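Hi everyone, thanks for coming.

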Amino acid sequence: MTVGGNHNDRLLIDAVALERRVALIEGDRLSRLWIDRGGPARFDIHLGRVSKVLPEMAGAMVALDGIDDGLLPFDRYDGPLHEGQWVLVQISRLGFEDKGVKLTGKIAIEGVGMILRPGGKLIELPRKLKDPEQRAELLGAIRSLQADDDGIMLRSTALDWDKDAIAGEYRLLKSHWQNAKSALADPRKPLLVFKAQSELDQMIERRLMAGQICIVDGVDEFVRLRGILTAHAKSDEHLHRHTGTRLLFDEQDVEVQIADALGIRVDLAGGGWIAIDQATALCAIDVNAAGADSGRDSETRAIDLNLRAATEIVHQIRLRNIGGLVVLDPLRMKSRAGRDKFDAAIKAAFGPELDGAVQIGGFTRLGLYEFSRQRAGESLAASVLLKQDQDPLNGVSALNSVLRNVIAQSRNGVVGTVDLYVATNLASQLAGNGKAIQIMSKAFGAAPRIVADPALGSDEYRLEKN
């Protein structure tokens, strides 16, 4: 993979299988990839039951509805905690890799135009609203709605709303909280009492509302997004449905870029390459000249190549969603000026992430460069690959890979009654997955017969027409 391309930002959404993949394309390059397989969302509110108090961890484990127990820190809950206690909690951090769900008892219910914090008392208006008279008028309108010492934070999107729309939003969020309190008053089992909109869906909606181009492969997802635009009286001219015979990610060269992002080596424009080695404790990245500009002065050559590498390193960190400690081994630079340029290039590439998400350690005595990046969900490799040396696809990814490939074949004329041969474990997954069968039935016009073939690999398949 070589750096380059023209600026052409767009969202590509692949929603033809059981998982939804969303690719952000910037400058004709894959910049971010999100994989959505459903499940819990950040800000979901649960009625949970304390299963164990852990003084050594300054928290308690809470049994939840449909997911593993989460950790509720003592300082995120008002009052004492004991085993068997029923509590209303909200997911503050999703579980990923070897980390579990983290919870908070300080509830914040997010809406389109405001955030409701029960018992929070404060009313907050957007900073962009500068006019004193408008602020005073809006503050008075919200105070007339405020009940039970609710904290209300108005979003910028609500500044154009009339008073009735603001009141309607408040009543809606308040009803969610009343439902949660009703569940707490009569607890019977752990229960999901409020399903929050996922951060991925929020991101998609923000970009749609801003008029960014969005191309969707999948009828249901396209109809859903068009309905959102219609509900907000927004034009859908920038929302496009992919109708080609090839799958969207294949046609737009995204699959190749995903494969590259799961590899170790990344080539740099102008020569040289970087090697990315993700381990449990840290991520190590090595900059290699590989003969690039071999006739030049060694110091000038090292600085120029390291500066090219700096931008690509940050791009790969974001694309691969790498968090934790990152250690770079750039080409050795003797001058302080060269090291300062490299440090500035890394910081410039991270930009706003330096405001909390990224902490720069800088150069060590051995010439290495260190920084840490806040973990935000699974890395791309962890979400797609099995944790083995050979890195085969995990079960969920293998299932979706097969589904995408057979759908691609249906678009190229393979329809009717077919036999689908897959690996033995995948045959069991498919046979018990009604949604997968439904997807293939729509594609072929009839449900395929699933046949187990022990000779096939985890994501291999064979279609035979009857």
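Let me start with a definition: a charge sits over a ring if NZ of Lys or CZ of Arg is within 6 Å of the ring centre and within 35 degrees of the ring normal. Please keep in mind that this is a predicted model. With that in hand, look at Trp-273: the charged end of Arg-265 sits over its ring, 4.2 Å from the centre. Now go to Tyr-421, where the charged end of Arg-462 sits over the ring, again with 4.2 Å to the centre.

On to rings that meet rings. Two rings pair if their centres lie within 6.5 Å, and planes over 60 degrees apart count as edge-to-face. By this rule we get four aromatic pairs. Take Phe-350 and Phe-371: the ring centres are 5.1 Å apart and the planes stand at 75°, so this pair is edge-to-face. The two residues come from distant parts of the chain, since Phe-350 belongs to helix H8 (residues 336–350) and Phe-371 to strand E21 (residues 369–373), 21 residues apart. Are they buried or exposed? Both Phe-350 and Phe-371 are buried.

Next, Phe-363 and Tyr-369. Their ring centres lie 5.1 Å apart with the planes at 75°, so here too we have an edge-to-face pair. How accessible are these partners? Phe-363 has 27% relative accessibility and therefore counts as partly exposed, whereas Tyr-369 is buried, at 0% relative accessible area.

One last stop, friends: which residues do ring pairs link into a cluster? They are Phe-342, Phe-363 and Tyr-369.

How values were computed:
Residues numbered from 1 in each chain as written. Predicted model: local features only at pLDDT ≥ 70, side-chain atom pairs only at ≥ 80, totals over all residues. Heavy atoms only, no water. Phe/Tyr/Trp six-rings, centres within 6.5 Å; stacked < 30°, edge-to-face > 60°. Helix = DSSP H or I, 4+ residues; strand = E, 2+ residues; numbered from the N terminus. Buried < 20%, exposed > 50% of the residue type's maximum accessible area, 1.4 Å probe, protein only.
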